[in-house]
Amino acid sequence: ASDWNVGSLEPIRGPERRNIVVNEVSFVRKCIGADSSHGDLWGKLICTNFKVSFITHDALPMQRFQVANRLLGEHDVPLACVEQVVTVNDAKGKQKVLCSNQKLKFNPTELILYCKDFRIIRFRFDEAGPQSAKKVCLAIAHYSQPADPQLLFGFEYIGKQYYGSLGRFNGVDPGGGLQMPLFDRPSEWDREIKRTGAAEWRVCSINEGYVVSPSLPEYFVVPVSLADQDLKQYLCFFTAHRIPLWCWNHPNGSALVRMASISDPLQQRKLDQRICSAITKSHPQRSDVLKSDLDKNLPNIQDIQAAFVKVRQICVIEPFEESEEKWLSSMESSRWLEYVRAFLKHSAEVVYLLEGKHVSVILQEEEDRDLSCVVSSLVQLMLDPHFRSLTGFQSLVQKEWVMAGHRFLDRCNHLKKNDKEESPLFQLFLDCVWQIINQYPAAFEFTETYLTVLSDSMWIPVFSTFLFNCPQQRTENSMDFAKSKCIPVGEEKALRFPPVWDWSQQFTPKDQALFNNPMYVGKGATCVQNGAVKSFRRTKKNYSSTLRGMPSSLRNILMDGHDSLTLTRRNSLVSRLKPDFSQIREVVESPTERFFRDWVSRPADLQGMLIPQLLPSHLALWRLYFLRWVPEASIPKGGPVTAYHKLSQLADEVEKLQSQLRQYKGATPASTLTSTPSAPPSDHSRMYFKAGSTHEPSSTPEYLSSSFPFSPVGNMCRRSILGTPLSKFLNGAKIWLSTETLANEAL
């Protein structure tokens, strides 16, 4: 096979350099039309070692989509995003779910790709060569199910790049241009300690070279009163040697800590006392330490996976009628939103302990690598406005997920080896974040587009962020790969993957502007008042008094009618959540409820603590993420993007006026206000949509829809299309995208 570029809009540093064609077939029809083949596209279907590409010269029936990914063409699907490959032969009435290294005894007339980002893409081989069609189907099945981590495309990508003595990647220092910490060195942990005022905590380096625990980072933070010798003595009693890790410090001195369970019951009480004593000493007021057992209080990873699979089936497979009672009841029965509420609720309870009771909290989980990632991140998001900025949020994910050893390789099931280990915990976390953004849109610097793109990046196997179970696995595999390929790595000793946070790998600066929230009220945000530039401060005048008369039923926004956080002794476990999350009852107000009621009754401080409201009416389906590929759910020129469009234009106009005002105050001649050498070009604005001139129409662009910036055209297999109906594939199947063969499969 020869090197081959496809789908790239411009010369870039990226996977295209090593995107190698494995198999291809011409005269393929990609199904798009709803009731006939009228709108379908004709072209070539190509399988490379990175993605499935469809190359066509036909124009889409709608205006060409505006936003593009630098690594993927408009019709490309990364192989890591392919969940299931189904082949069909209409004449013989046969269909088969293809796995790696399987044989196909019939010539396929149709190929359906079920994708992890909710797309279903269908190709027809009516005019294609039968043997070529078979070979490309087998290639897609094989290369989308690698047998070893080192067969993931990221290794091929980085292995062929030049590494000098400075560890430069494609001519750019990996992560060197990022304005955020990766927490892979002690100095970055030191800065976080100082930022949060955690004076009684220190950086520990006993795991350098991963000699203590393979799943922990090389550097982490522990109480000053715990010596390295003590930690080495304790670690053998914790599951996977995962001793307690510091996450964050409240300004009042309370600490958020996470740890694995203690594997030796005989040592349970002794270790609890020693760990809690050290955490207590780190608190200025020597406050108590409370423990929350997440395994007892929250859904497990199998329940979360089952709910996610049901949501995918409801949103993509079943007929979409959002107003129909059956559709809504099906969505409720999936329990996905129930689980979203459970995690938000539990995180809010931990916030109450840290903020309201001034005590430190330990989040305990069997291995401290799944549920604790979600809860610790949400707690910090609710309490610390730094993590609501774009760089702050990225550092939060890097700290609490990547460096803390979340099993991305297993939970994403990149190797398709063990379905029981697969679970969408990161998607659940992003959904929880979206719920808070939906309630407090001006408190976050980033948008739901950013959250969706971040989730999609999990299926682009180029970035180290989502490829491995822990930093040690990344280091070990990259060293082995470099050794086996005789690749010189210099002082680095291991190949370095680019982090996903370098968004220039995927998007132009203009497209990255879609990540910016025009309503964001950051710390020290400026506004113009009577011609003077002033800092924005929320006052009582901005507040509507309607919340003061809050009905008693809303007192139970976060609690289920009892104070589940009134813990009787140190180290008690947080009470188990009740299974009926929707039940609202009149009860005597608890201290916890009083705390949240008082908070809700005050004006919202967007740079202070944020608590989501959690009645069923407050939580919504994240439409952009779950329904973006459903044509029936798309709203042309409608949806949240219409407000975003107008707000972006206003924000861009404000930026220009503020720039002119600053120049005016600096005694800049009036003739140069609109064009100065130092003024940034108009295309460098933070906003994707620019403020138009008085001569330009202000109507909504034709290409905008509720799915923006994602296009359902050409990316969603409609249900009524000609060919084998989807219902036939699912007849008898217990869950969508099962790795088992279908009930009516014929060889």
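Reader: Which residues is F626 in contact with, leaving aside its neighbours within four places in sequence?

Author: Happy to start there! With contact meaning heavy atoms within 4.5 Å, F626 touches F118, F308, V311, C315, W336, D431 and L621. This is a predicted model, where local features need pLDDT of at least 70, side-chain atom pairs count only at pLDDT 80 or more, and totals for chains, interfaces and linings use all residues. Residues are numbered from 1 along each chain as its sequence is written, and side-chain values use heavy atoms, leaving out hydrogens and water.

Reader: How do you know that C247 counts as buried?

Author: Buried means under 20% relative accessible area, exposed over 50%, and partly exposed in between, using a 1.4 Å probe and protein chains only. C247 has 0% relative accessibility, so C247 is buried. C31, at 4%, is buried as well.

Reader: What makes strand β13 (residues 289–293) largely enclosed by the rest of the structure?

Author: Strands are DSSP runs (E, at least two residues), numbered from the N terminus. In β13, 5 of the 5 residues are buried, so the strand is largely enclosed. V289, K291 and D293 point one way, L290 and S292 the other way, and all are buried.

Definitions and conventions
Helices (H or I, at least four residues) and strands (E, at least two) are DSSP runs, numbered from the N terminus.
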